[in-house]
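Let's take a walk through one protein chain, piece by piece. Have the picture open while you read.

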Amino acid sequence: MAHINESVVSEFVLLGLSDSRELQLFFFAIFSVVYVTSVLGNLMIIVIISSDSHLNSPMYFLLSNLSFIDICQSNFATPKMLLDFFVEHKTISFEGCMAQIFLLHSFVGSEMLLLVAMAYDRFIAICKPLHYSTIMSRRLCIIFVSISWAVGILHSVSHVAFTVALPFCGPNVVDSFFCDLPMVIELACKNTYEMEILTLTNSGLISLSCFLALIISYTIILVTVQRRSTSGSLKALSTLTAHITVVVLFFGPCIYFYIWPFSRLPVDKFLSVFYIVCTPLLNPIIYSLRNEDVKSAMRKLRHRHVNSWKH
């Protein structure tokens, strides 16, 4: 009797994206390019910001931290997914599965809080420009980044602590390319209704509260920008467009997943791919294309390297 409630599942089987060999090779080619471009793109943003003194501001400090989180998110599940395209029996150990759940929710939770911090930075810059340098100090930026990581990790620990304690005695098949928390919980050998409600409340609250904070902040900022017609306001509007685009693309799938997290549709798997694999690529593309300062710093860095090679 002492062993009845203990987990006997030592590994989970991942069904992946498709059974078709041709499709798997196609997905491997596409997602390999997306993965490499995402990691290199975010690394490029970090290098550009750290190497250009003109980008030594709170906004770019927060952006470089956002790129770091995106690099982390690119690496927690995508490399395994790419390798699994060549493996017929895709498995992941129980510990590896729990690690994926922990890492995903840590990175996603941290990014949510960091996006709120970036919105606050833009709010102060546009609505209270005279006080910007005194309010948005480097110390406050470090506090924002520290809080975002702390909240993300605590949010994740609360999920994993309950999931690890669940008894898993079979089946052990996860219809995804990574350990998706709602799907793993459904495999437990007990009624998980309370756990499902806890998961929905935990993730739903942090997602919706951050999203509402962002909507309110950007609405106030846009109203303030529209009242002005200066060139600085137009530049601010261009930067805001990039921020809002990232927020919508990041929070859209996230909120969708937690509206009905325990009833899956066929489209959910492909939304998961977009969220896990493609979202980290969007930030470097959007910020480098929409931000003139980043593009200018990129050109200067390129010219510097070209001249060094010539000499």
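**Ground rules**

You're looking at a predicted model, in which local features need pLDDT of at least 70, side-chain atom pairs count only at pLDDT 80 or more, and totals for chains, interfaces and linings use all residues. Residues are numbered from 1 along each chain as its sequence is written, and side-chain values use heavy atoms, with hydrogens and water left out.

**The overall build**

The chain has 11 helices and three strands. Both kinds of element are DSSP runs numbered from the N terminus: helices are H or I with at least four residues, strands are E with at least two. Of the chain's 311 residues, 49% count as buried. Here, buried means under 20% relative accessible area, exposed means over 50%, and partly exposed lies in between, using a 1.4 Å probe and protein chains only.

**Two helices to look at**

How do you check a helix's length? The expected span is 1.5 Å times one less than its number of residues. Helix α2 (residues 58-75) has 18 residues and should span 26 Å, which agrees with the 26 Å between its end C-alpha atoms. Because 16 of those 18 residues are buried, α2 is largely enclosed by the rest of the structure. Helix α4 has 34 residues and reaches 49 Å from first C-alpha to last, close to the expected 50 Å. α4 is mostly covered too, with 24 of its 34 residues buried.

The UniProt record, in an unreviewed entry, places "transmembrane region" at several stretches, including 98-120 and 205-225. UniProt positions are given in the numbering used here, feature names are shortened, and annotations may be inferred rather than shown by experiment. In the model, residues 98-120 are 100% helix and 0% strand, with end C-alpha atoms 33 Å apart. Residues 205-225 are also 100% helix and 0% strand, and their end C-alpha atoms are 30 Å apart.

**The disulfides**

How many disulfides are there, counting a pair of cysteine sulfur atoms within 2.5 Å? The count comes to two, and they're listed here.

| Disulfide | Sulfur-sulfur distance |
|---|---|
| C97 and C179 | 2.1 Å |
| C169 and C189 | 1.8 Å |

Start with C97 and C179. The torsion about their S-S bond is about -125°, so this disulfide is left-handed. C97 lies in helix α4 (residues 94-127) and C179 in the loop between β3 (173-174) and α7 (181-186), so the pair ties together parts that are 82 residues apart in sequence. Both C97 and C179 are buried.

Now for C169 and C189, whose sulfur atoms are 1.8 Å apart. C169 sits in the loop between α6 (138-164) and β3, while C189 sits in the loop between α7 and α8 (193-227), 20 residues apart. C169 has a relative accessible area of 43%, so it counts as partly exposed. C189 is partly exposed as well, at 31%. Counting bonded cysteines along the chain, the disulfides follow the pattern 1-3, 2-4.

The loop between α6 and β3 also holds L166. L166 is buried, at 6% relative accessible area. The C-alpha atoms of L166 and I185 are separated by 7.9 Å, although these residues are 19 apart along the chain.

**Empty spaces**

Rolling a probe the size of a water molecule over the atoms shows where empty space is left. On a 1 Å grid over the protein atoms alone, a cavity is a set of points where a 1.4 Å probe fits but cannot get out, while a pocket is an open set with protein on both sides within 12 Å along at least five of seven lines; lining residues have an atom within 4 Å of a point. Grid points are joined across faces, edges and corners, and a volume is the space filled by probe spheres set on the points.

There are two cavities of 30 Å³ or more. The second largest cavity has a volume of about 40 Å³, and its lining includes G16, F85, K90 and F177.

The second largest pocket has a volume of about 160 Å³. Among the residues lining this pocket are V13, R21, F85 and K90. β1 (11-14) and α1 (21-51) each supply at least two residues of the pocket's lining.

Methods. Disulfide = S-S within 2.5 Å.
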